Amino acid sequence: MISIAIANQKGGVGKTTSAINLATAFAASGWRTLLIDLDPQGNASTGVGVSAASREMSSYDLLLGDAPLGDCVMQTTIPGLSLVPATVDLSGAEVELVSITDRTHRLRRALSSAQNAYEICFIDCPPSLGLLTLNALTAADTVLVPLQCEFFALEGLSQLLQTVERVQQRFNSELGIIGVALTMFDRRNRLTDQVSDDVRSCLGKLVFNTEIPRNVRLSEAPSHGLPALIYDQHCTGSRAYLALARELISRLPENRKAA
Ligand code: ADP
Ligand code: MG
């Protein structure tokens with residue numbers, strides 16, 4: 001299994017939308033896919049059709065309850081896509097984790113027992129660089145960073161990259177960065193082009209070629225409990241996420257290009 005943390009400490013940059021739609025794209029192409037919701041808001045869980053009422057075991061139990069992964073996984077209605085949902089309990093987890101000795105390695109340990117059950121795992125991180133995100137980075141093989149095409153796009157990125165480096169040094173020497181995905185791209189707005197050019201000249205090949213457009217279908221889909229890729233597979237947003245998934249596959253190590 002290859003696990004990809006979707007991280008950026010800014011809120012509203014497209015982490016959850018990317019996690020949901022990339023996971024759906026991989027599941028649709030036959031990968032046994034796991035989505036782990038590590039944000040107490042639980043938007044990734046809702047977005048794949050798992051209502052708050054139907055969540056039982058959750059990522060909280062995985063991190064703080066010593067529950068085996070298998071007990072926390074739910075099947076979604078999307079073939080090939082399994083979910084570890086988030087519940088409101090998770091909002092207390094940052095505080096509870098502080099007093100635990102292996103606090104950064106809880107998720108890594110939980111996932112280690114299930115390396116063969118899934119081929120790919122996406123971890124939707126909360127908008128902070130706290131212990132939940134540290135658990136994701138410590139458990140992951142690589143990080144995907146969604147970056148919103150706005151004026152302050154690069155602000156905060158250095159802090160995230162520093163955190164990744166710190167995790168590499170202390171907890172997870174294998175951690176890589178698979179790429180930065182530009183989100184909410186608006187062709188009619190010249191500022192967006194400018195930001196895209198700036199980010200590309202600053203980060204070079206780290207930036208995926210695919211840009212995710214601002215597309216209302218992407219924001220409507222969650223209210224129907226469906227990934228945009230299922231709600232409207234032909235909209236520009238869905239097509240962009242399919243292209244991003246293909247690009248992501250091309251960046252995976254050769255021996256991990258499973259399906
Ligand atoms: P994050 O997880 O980083 O907080 P979300 O994925 O939840 O960000 O996105 C924030 C809001 O923007 C959500 O309401 C989402 O539906 C919307 N959104 C995300 N990406 C797009 C997009 N490309 N076009 C239009 N709306 C988007
Ligand atoms: Mg989110």
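Strand E2 (residues 33-37) and strand E4 (residues 81-84) run parallel to each other, joined by four bridges. Within this pair, Leu-35 faces Leu-83 of E4. Strands pair if DSSP finds at least two bridges between them, and the element names come from DSSP runs numbered from the N terminus, with helices (H or I) of at least four residues and strands (E) of at least two. What you see is a predicted model, in which local features need pLDDT of at least 70, side-chain atom pairs count only at pLDDT 80 or more, and totals for chains, interfaces and linings use all residues. Residues are numbered from 1 along each chain as its sequence is written, while chains are lettered from A and ligands numbered from 1 in the order in which they are written.

**Confidence**

- The protein chain has an average pLDDT of 95, and 99% of the residues reach at least 70; pLDDT is the predictor's confidence in each residue, from 0 to 100.
- The scores for the model are ipTM 1.00 and pTM 0.97.

**The sheet**

- Eight strands make up an open sheet with mixed pairing, in the order E3-E4-E2-E5-E1-E6-E7-E8.
- At the edges sit strand E3 (74-75) and strand E8 (207-213), each of which pairs on one side only.
- E3 and E4 are antiparallel and share two bridges, with Gln-75 partnered by Ser-82 of E4.
- These two strands form a hairpin with five residues between them, and Gly-80 in the turn has a positive phi of about 85°.
- E4 is covered on both faces: Leu-81 and Leu-83 are buried on one side, and Ser-82 and Val-84 are buried on the other. Here a residue is buried if 20 or more other C-beta atoms lie within 10 Å of its own, exposed if 12 or fewer, and partly exposed in between, with C-beta atoms placed from the backbone.
- In a regular strand, side chains alternate between the two faces of the sheet.
- Strand E1 (residues 2-6) is mostly covered, with five of its five residues buried.
- From E1, Ile-2, Ile-4 and Ile-6 point one way, while Ser-3 and Ala-5 point the other way.
- E1 runs parallel to strand E5 (residues 120-124) through five bridges, and Ala-5 lies opposite Ile-123 of E5.
- E1 also runs parallel to strand E6 (residues 142-148), here through three bridges, and Val-143 in E6 is the bridge partner of Ala-5.
- E6 and E7 are parallel too, joined by seven bridges, with Leu-144 partnered by Gly-179 in E7.

**The nonpolar core**

- The largest nonpolar core has 76 residues, and Ala-5, Leu-22, Leu-35, Ile-123 and Ala-136 touch the most other members. Such a core is a set of buried Ala, Val, Leu, Ile, Met, Phe, Trp, Tyr and Cys residues joined through C-beta atoms within 7 Å.
- Helix H1 contributes the most to this core, with seven residues.
- Setting aside neighbours within four places in sequence, Leu-22 is in contact with Phe-122, Tyr-241, Leu-244, Ala-245 and Leu-248. Contact means that the C-beta atoms of two residues, placed from the backbone, lie within 7 Å.

**Around ligand 1**

- There are 18 residues around ligand 1, and Gly-14, Lys-15, Thr-16, Thr-17 and Ser-219 come nearest. A residue is near a molecule or strand if its C-beta atom, placed from the backbone, lies within 6 Å of it.
- Helix H1 (15-28), strand E7 (176-185) and helix H10 (216-220) each provide at least two residues of this shell, and H1 gives the most, with three.
- By type, the shell holds six nonpolar, ten polar and two charged residues. Ala, Val, Leu, Ile, Met, Phe, Trp, Tyr, Cys and Pro count as nonpolar, Asp, Glu, Lys and Arg as charged, and the others, Gly among them, as polar.

**Two residues to look up**

- Ser-45 belongs to helix H2 (residues 43-47) and counts as buried because it has 30 C-beta neighbours inside 10 Å.
- Not counting residues up to four places away in sequence, Ser-45 touches Asp-37, Val-50, Arg-55, Leu-83, Pro-85 and Ala-86.
- Glu-247 belongs to helix H12 (residues 236-251) and counts as partly exposed because it has 15 C-beta neighbours inside 10 Å.
- Leaving out neighbours within four places in sequence, Glu-247 is in contact with Phe-208, Asn-209 and Thr-210.
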